[in-house]
Amino acid sequence: MTTPKRAEIDPAVLESVEDPSALAWASDWSAQTESAAASVPGHDALEARIRAALDADDRIPYVNRRGERLFNFWRDAEHPRGLWRCCDEASYLADAPDWRVLVDVDALAAAEDESWVWKGAQVLRPDCDRALVRLSRGGADAVVLREFDLTAGAFVTDSPFEVPAAKTSVSWVDRDRLLIGTDLGEDSLTESGYPLQTRLWRRGAPLADAPVVAVGERRDVAAGAWADTAREPRRLLFSRALDFYRSSEWTAPLSALDAFEAEGTEIPWRPIQVPEDCETVIRGRWLFVWPRTDFAGVPAGGLGRCALEDFLAGSREFTPVYTPDAHASLQSVVSTKNHLVLTELRDVVTRILVTPLEPNAADAAGEGAEAAPLTELEIPGLVTASVIAASEWDGDELWINTSSFTRPATLYRVADAGDPRLEEVRRAPERFDATGVEPRQHWARSADGTEIPYFVVGRFGGAADTAPQPAPTLVGGYGGFEVSLVPGYSAVRGMAWLERGFTWVQPNLRGGGEFGPDWHTQATKLNRRRVFEDHRAVLEDLVARGYATPDKLAVRGGSNGGLLTSGALTQYPQDLGAAVIQVPLTDMLRYHTLSAGASWMAEYGDPEIPEEREVIASYSPLHNVAAHSERAYPPALVTTSTRDDRVHPAHARLFARVLAEAGQPVDYFENTEGGHAGAADNRQVARVEALIYCWLYTALGL
C-alpha cells in the first residue's frame, strides 16, 4: 500500500525502462504488493487451481490447417513456454492426435539462455515445408525471425532467412524471396516505430542491400507490401496505414517482381481509389469494400462486391453482400477457397453467415452478378461463436469455436462452408461450479441519452425481472479501437469470482465495435469523454437495479481499458470501491511520444492541437489526481510489464507514483516479462491473476 517513500524518486528515472533505480523501485514495491496478496487466506490454493486449469491436458488443442497437416501451439506444466507441433487430420478427428513436435520453446530458451516467447509462424505456400518462426524476448512486440525446415524439423542453417529483434512485417513470395519491412535504421521506420519500407529480399543476399519495392511516409502508422498468391491472378498488394482507421491501397501483378529484380523496372502500382476510411478485401477477381462511411451505394458498416478490373477501369457498381441495421454490425470477414464467411453481432449476440465467393460462376466477366443469399450456420444454443481457422488454400473447411459466460468452449468443424452442418470435434470440461449462475442483459442510459447495453452475470435467484440482492461486483470494460466485448467463458474468472457468489459485469461502451462504425466514432477524439460517461452510467445503473453497492463494486481494465479504469478512479471515485488498472495509458498529454503511442492519435486525438489537447487534458488520469485531503479515492492496483514495448511502462509507473505522492491508497506490481499481455506463460498468468483477485478480496473487504 502507499507509503511516502514510493513518491521519492525522480519521475524522469521511471521513464527509462531499464534504469537500475527504476527497476529497484519497481521490484521493491512489487514484492511488497505480492507478499500482501500471498498472505490472503486461500491465495496459494487459488494460484494452484488457476495454474492447473491453464495447464490441463483436457483443454482443446486448437489447430490451423496448412496443407495436409494441422498445426497447434500448446503450453502445459512441463512446457510452460510451449510446443509448436503438428499432426494429421485423421488422428486429430479421432481424438488421438499423433503430434510431431517441431519447436520446443522451453528447450530452445534453455539452450540459448534467452527468455523466448512464441509469437507465431508463417508457413510457405503451397509446399508447406518451410516457415518463418517469430520469437520474442520476454513477450515484447519486437520479434526475432528465423527460418524453419518443416520436413527436417530444424532451423535452416544453409543461407537461412534470419532477422534480429524488430517489429517486422514479412510475406513469402516463393522459397527464395521475401517481401519484408523491418528496422534497418531510422529511415526505415515510421514515427510510430513500425516498418516504412518494403524490400524484396533474395536468399543469400544482405538484407540491407535488398531493393525497396514500396515505401510509405514517415507520418504513416505503418506501410507494407505483401504477395497474394492463393488465387489467380496472383497479385502484389501495398498498403499505407495513414492512421488506425484510414489507409491507402495499391495493387500490381505479382509477375512485376521478376522484372523489378532483374532489370530494375518500377512496380506498376495501381491505386485502389476508395475512401481512406474504407477497408478493402481482394479475393481473386473480386474487390470487396467495407466502408466506415457510405460509399458507392454501400452503407457504412456494410459489405459490397465489384469485379476488381471493372473497378480499376472506373466502375462503381457494387452488389450488396451484407447490409447492417441499427441492431447489427459486421465483425469480421474471412474466406475459404469458394466462400466468404461473415461474423455478425446482433445486440451483442453472434451469427455466422456464409455466401459463395462467386455469386454467379457462369458469368465469366463478372457483370450482372447478383448477390447470393446469406446462409446462417446452425450454431447450437445461446453462445458466442467465432471462426478460429479458415484457409483460402485448403478448400472450404471451417473451424468454429463457441462458448458463453457459463458454458465452456466447444470446437466444431464445418467440412464445407457451403453446407451449414457442424461436426462437434472437442468440448472443454467445466472448470468452475456454475450452478445457478445466469447472464442477464440490461441497458443503462448515458449522459447524452444513449442506451448502453451490458451483461451482468451471477447467482441472482428468482425471475429475471426480480430485484437481486447486492453482491460484490467486478466490472470490466474497454470502450475503444472498435473492439467488441462478447459473452465468453473464463475459467479464471469463474473460479476466482463467480463461484464465490460474486457478480461479473461486461459493458458494451461506445468506442467499441458492437454496433458498427458510428458506435465507435461517437466516442473518439473530441468526444472521448463519452466512454467515461457510458461507464459511469453502467455503474450507477447496477446500483439502481440492486445488483451492487458502490463500496463493494470494483472496476478492472487493461491497456485502453486501463485508461478507462484509471479515469474512473480520478473522475468518479465515489462510484466504486476499488480499481484494477493493468498495462494502462495514463499520461495522455504525452502518450503520442511514448512507444507506439503515435499510432493511436486517430482514437484519442493529437495533444499538439489545442482543441483536442483541451479535451485530453480534462480526462488524462496522470494529470487529474487529487490529493487525498481534497478527495479520497478507493484503493487502486496498478500493474505493468517491464517488457511492454507497446504501452510504455512509464504510464503505470508514473501514475502509481503520483497516487502515492497524493496520499491515495495504491499498490503496484511490475512483471519483468510478459510484454503488453503482462505475463509470458501460464505460470506467470496464474501468479498475476491470483495476485489481482486476492488484492480485490482485501480491497473490497471480502
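1. The model is predicted: local features need pLDDT of at least 70, side-chain atom pairs count only at pLDDT 80 or more, and totals for chains, interfaces and linings use all residues. Residues are numbered from 1 along each chain as its sequence is written, and side-chain values use heavy atoms, without hydrogens and water.

2. Start with helix H2 (residues 20-38) and helix H14 (residues 650-661). Their axes come within 12 Å and cross at roughly 65°. That makes H2 roughly perpendicular to H14 (a label for angles of 65 to 115 degrees). Axes are lines fitted to C-alpha atoms, for helices over the stretch in contact, and angles run from 0 to 180 degrees between N-to-C directions. Helices are DSSP runs of H or I with at least four residues; strands are E runs of at least two; both are numbered from the N terminus.

3. Which residues meet? Ala22, Leu23, Trp25 and Trp29 in H2 meet Arg653, Ala656, Arg657 and Ala660 in H14 (contact means heavy atoms within 4.5 Å). Six of the contact residues are nonpolar, none is polar and two are charged (Ala, Leu and Trp are among those counted as nonpolar, Arg among the charged).

4. Now the sheet. Four strands form an open, antiparallel sheet in the order S18-S19-S20-S21. S18 (278-283) and S21 (319-322) stand at the edges with a single partner strand each, so one side of each lacks a neighbour in the sheet. The twist averages 30° from one strand to the next.

5. Look inside the sheet. S19 (residues 286-291) and S20 (residues 303-307) pair in the antiparallel sense over four bridges (pairing takes at least two DSSP bridges). Val289 has Gly304 in S20 as its bridge partner.

Terms used. Parallel < 35°, antiparallel > 145°, perpendicular 65-115°, else oblique.
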